[in-house]
Amino acid sequence: MNPLPARPSRAWFRAWLGATCASAGLGVLAAEPDLPGSADPPDFARFPGAWIVAYSAPDAVRDYEFITGPVDKIRRDVRIDNSLRLSGTLTRVTWQAPNGTRLADAVAHYRGLALAAGGRLVFECSGPDCGRSTVWANHVFRVPVLAAPNRTQHFLAMAVPSGDGARLLATIYVVQRGNRRVYAHVDTFAPDPGAVVEFDRNRDLAQVLARHGHAVLEGVTPGRLGRLPPEALATLQAIASSLAAFADQPLHVVCHLGGSAPMDTLLARSTACAEEAAAKLSESGISALAFGAGPLLPREDAPLERVELVAPERLRRR
């Protein structure tokens, strides 16, 4: 904690109070009163100093749409490219963050909560890549205060294990409005017992590569020594057919591998992993170049051990 300045400002004192309460396990007092009857979801603590401005109590719904892609509106029709419809229990909470909050800090707070709880990122986007903010605000969440410039929005869809062994689906939407106020909205959805919830991120692999220039391969995880298990090799073979659009440009296969071994050893093992993955893709006619990154390229939104495809031509265009 920073020492007390000679003449502390109100903003400094509020930050100091929030950090002190959090470290003491006392919780953080909201700068404004919460909406009457509202409460934080059990698995999502609010951003320090935030207060609830919209709330829907836990309610059984028969047709919840868990969105895993951008949204748009064409004339009068809302277009959602990727989603999963389920029955279960839905809770919705919208917070307003204290003045001066940065969008990136609010996003990092809620993403960190989900990842710390063992959550798995299913989809993430930011800015115009998420589609239209007015569609998210007015048609998806039905909370008009979430409408913001498209460039200042961030969306995450995550699968999070809950305390009773079930699985929650968490939709996190954070925006900064034109007046620079930051709002965060979280849907927590508990599917009915026995519901089949499956996500195949590799299904849209070509689309993700074309849009972002890189994509983590779901179900392709190297072992401790850098070898790919049989199921990972089978997944590589299965997804090769979806990469036909990249037949005229080489893809780079990057293997990431952590561990306590010396750095040279980790780099060598990850290189062998990348070469094995590239060879499997090459069997299907995909031009693939191998690169072993070891633990040197960590990402907050992805596991340390992973295999990633990179399309350099798409990155240069971005």
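**Exercise 1. What is the handedness of the disulfide of cysteine 125 and cysteine 130?**

Solution. 
- Start with the sulfur atoms: cysteine 125 and cysteine 130 have theirs 2.2 Å apart, and a disulfide is a pair of cysteine sulfur atoms within 2.5 Å.
- Next, take the torsion: it is about 120 degrees about the S-S bond of cysteine 125 and cysteine 130, so the disulfide is right-handed.

Before going on, a friendly note on the model: it is predicted, so local features need pLDDT of at least 70 and side-chain atom pairs count only at pLDDT 80 or more, while totals for chains, interfaces and linings use all residues. Residues are numbered from 1 along each chain as its sequence is written, and side-chain values use heavy atoms, with hydrogens and water left out.

**Exercise 2. Find out whether cysteine 125 and cysteine 130 are buried or exposed.**

Solution. 
- Recall the cut-offs: buried means under 20% relative accessible area, exposed over 50%, and partly exposed in between (1.4 Å probe, protein chains only).
- Cysteine 125 has a relative accessible area of 4%, so it is buried.
- Cysteine 130 is buried as well, with a value of 0%.

**Exercise 3. Classify the ring pair of phenylalanine 141 and tyrosine 173.**

Solution. 
- A pair of aromatic rings is described by the distance of the centres and the angle of the planes.
- The rule: rings of Phe, Tyr and Trp (its six-membered ring) pair if their centres lie within 6.5 Å; planes under 30 degrees apart count as stacked, over 60 as edge-to-face and the rest as tilted.
- The whole structure holds 6 aromatic pairs. In the one formed by phenylalanine 141 and tyrosine 173, the centres are 5.5 Å apart and the planes stand at 35 degrees, so the pair is tilted.
- Phenylalanine 141 lies in the loop between α3 (133–140) and β6 (153–161) and tyrosine 173 in strand β7 (residues 167–176), so the pair ties together parts 32 residues apart in sequence.
- Phenylalanine 141 is buried at 3%, and tyrosine 173 is buried at 0%.
- Trp136, Phe141, Phe155 and Tyr173 form one aromatic cluster.

**Exercise 4. Which side chain meets arginine 132 in a salt bridge?**

Solution. 
- A salt bridge is a side-chain nitrogen of Lys or Arg within 4 Å of a carboxyl oxygen of Asp or Glu, and the whole structure has 11 salt bridges.
- The partner of arginine 132 is aspartate 72, at 2.9 Å, N to O.
- Arginine 132 lies in the loop between β5 (120–126) and α3 and aspartate 72 in strand β2 (residues 71–74), so the pair ties together parts 60 residues apart in sequence.
- Arginine 132 is partly exposed at 38% relative accessibility, and aspartate 72 is partly exposed at 22%.

Methods:
Helices (H or I, at least four residues) and strands (E, at least two) are DSSP runs, numbered from the N terminus.
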